[in-house]
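Please keep the model open while going through these notes.

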Amino acid sequence: KAADKIESHLEDIAKILTQEQGKPLDKALAEMRVVVGRLRAASELSLPVKVLEEDEQTRIELHHKPLGVAAVITPWNYPVSIAAGQASAALIAGNTVVIKPSPYTPLATLYVGAIMRDVFPAGVVNVIAGNDDVGAALTKHPLVRKISFTGSIPTGQAIARVAANDLKRVTLELGGNDPAIVLDDADVEKIAEDIFWCAFTNSGQLCFATKRLYVPENLHDDLVNRLKTLAENMIVGDGMEEGTQLGPLNNAAQLNIISELVDDAKHHGGIIVTGGHRMNRPGYFFQPTLITHVKEGIRLVDEEQFGPVLPIIKYSDLDDVIQRANDTQMGLGATVWGEDKERANQVANQIESGTVWINQRPKLSPNAPFGGVKHSGVGRIGGIWGLKEATELQTINIHK
């Protein structure tokens, strides 16, 4: 019912989302279709009682019980779809939910919350807007038994510390510094556009966007030139204007981070292939930017930039580049590109990340778990795994 109700308001919500987040309207509509899909997928999930053992004297049952109140704290890049994924699993498991959107993007989520009043009983789905102190209050509140947070690593670590005081359950989907590794047999003409969108979807404001691109020497110049052509032909503008392909950065703080990272890369010898500057127009617009002659040890390569800037790193030894890709505290996602699928799969299995995509743009399936390793998170969302994260196990041992 919630999915149907949201679907009937799809365009209204998408317009609000574009106006507060910045993404082009067609991309906001796509996010809202993901919301509908996630709700429908969740509605088909269940965790029936499982009989673990049974004989003439004993029957042992495993039950999945709701935890109670679940707090869902969401970021500003995909505010509605992330909230829907986390909240739907909590609701199907029998919990009530309090959703706290980012102060940068509360409006679309509040609108969805208003729509939900016609679907769920009062108090089952709640949306509370506010600044960071609201999220802190939820994290500390004794009635909250589960916290689902998507956002930065430092904030996730702070939430985990506070949650530990009350032994709350947590699911943390945190930052990524996702590598893309192009193998030396890759078809550059075939993969260039997909790699571009791996890095620049939502103007790079995507947790599992490609943040570092490793290219073998024999393909480097060709791929860089193709990416340059794509970047320079992108229509960057107001998300409400027809034809816009990339919108602005969401907020001034993120624009400042991107500017600092680009300046630092140039200071350390990085060469701007294209872009490199804030656009001369009102708003937080930054040119799609490609930077070469960089390597590990500078901020743009070592940190999560979360914006329309891609460092491109030339390599000659595959084993070495796999090690370099893994030499980070982050491990959310990665992509591998090559014609030999078995070889690409072998490389994927060596990468330390929660998900690896081979020869395709990153996308999430409602039927597969998603989350990070190392500092990129704790727990998983999606499918039956996300549902289990919203429950407590109870064993019932029956003497016949």
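1. Arg343 and Asp185 form a salt bridge through their side chains, with 3.8 Å from N to O. The two residues come from distant parts of the chain, 158 residues apart: Arg343 belongs to helix 13 (residues 341–350), while Asp185 lies in the loop between strand 8 (178–182) and helix 8 (188–200). This is a predicted model, so the distance is a computed one.

2. Are these two residues buried, exposed or partly exposed? Arg343 has a relative accessible area of 24%, so it counts as partly exposed. Asp185 is also partly exposed, because its relative accessibility is 26%. The cut-off that matters here is 20%, since a residue is called buried under that value.

3. A second pair is Glu392 with Arg169, whose side chains meet in a salt bridge at 2.5 Å, N to O. Glu392 is partly exposed at 32% relative accessibility, and Arg169 is partly exposed at 36%.

4. Lys27 and Asp26 form a salt bridge as well, and their closest N and O atoms are 3.2 Å apart. Both count as partly exposed: Lys27 has 35% relative accessibility and Asp26 has 43%.

5. How many salt bridges does the structure hold? The count is 24. Some residues are linked in a network of salt bridges, namely Glu54, Arg59, Glu61 and Lys400. As background, side chains of opposite charge can pair when their charged atoms come close.

6. Seven strands make up an open sheet with mixed pairing, in the order 10-11-12-9-8-14-15. Strand 10 (271–274) and strand 15 (355–358) are the edge strands, each pairing on one side only. From one strand to the next, the twist averages 25°.

7. Within strand 15, Thr355 stands opposite Gly333. In general, strands of a sheet pair through backbone hydrogen bonds, either parallel or antiparallel.

8. Which helices lie on this sheet? Helix 9 (residues 217–232) lies across strand 8, strand 9 (210–216), strand 10, strand 11 (289–292) and strand 12 (309–315), and runs at about 140° to strand 9. Helix 13 packs on the sheet too, touching strand 8, strand 14 and strand 15, and its direction makes about 165° with that of strand 15. Helix 13 is also the helix that holds Arg343 from the opening point.

Terms used: Residues numbered from 1 in each chain as written. Predicted model: local features only at pLDDT ≥ 70, side-chain atom pairs only at ≥ 80, totals over all residues. Heavy atoms only, no water. Salt bridge = Lys/Arg side-chain N within 4 Å of Asp/Glu carboxyl O. Buried < 20%, exposed > 50% of the residue type's maximum accessible area, 1.4 Å probe, protein only. Helix = DSSP H or I, 4+ residues; strand = E, 2+ residues; numbered from the N terminus. Pairing = 2+ DSSP bridges. Axes fitted to C-alpha atoms, helices over the stretch in contact; angles between N-to-C directions. Contact = heavy atoms within 4.5 Å.
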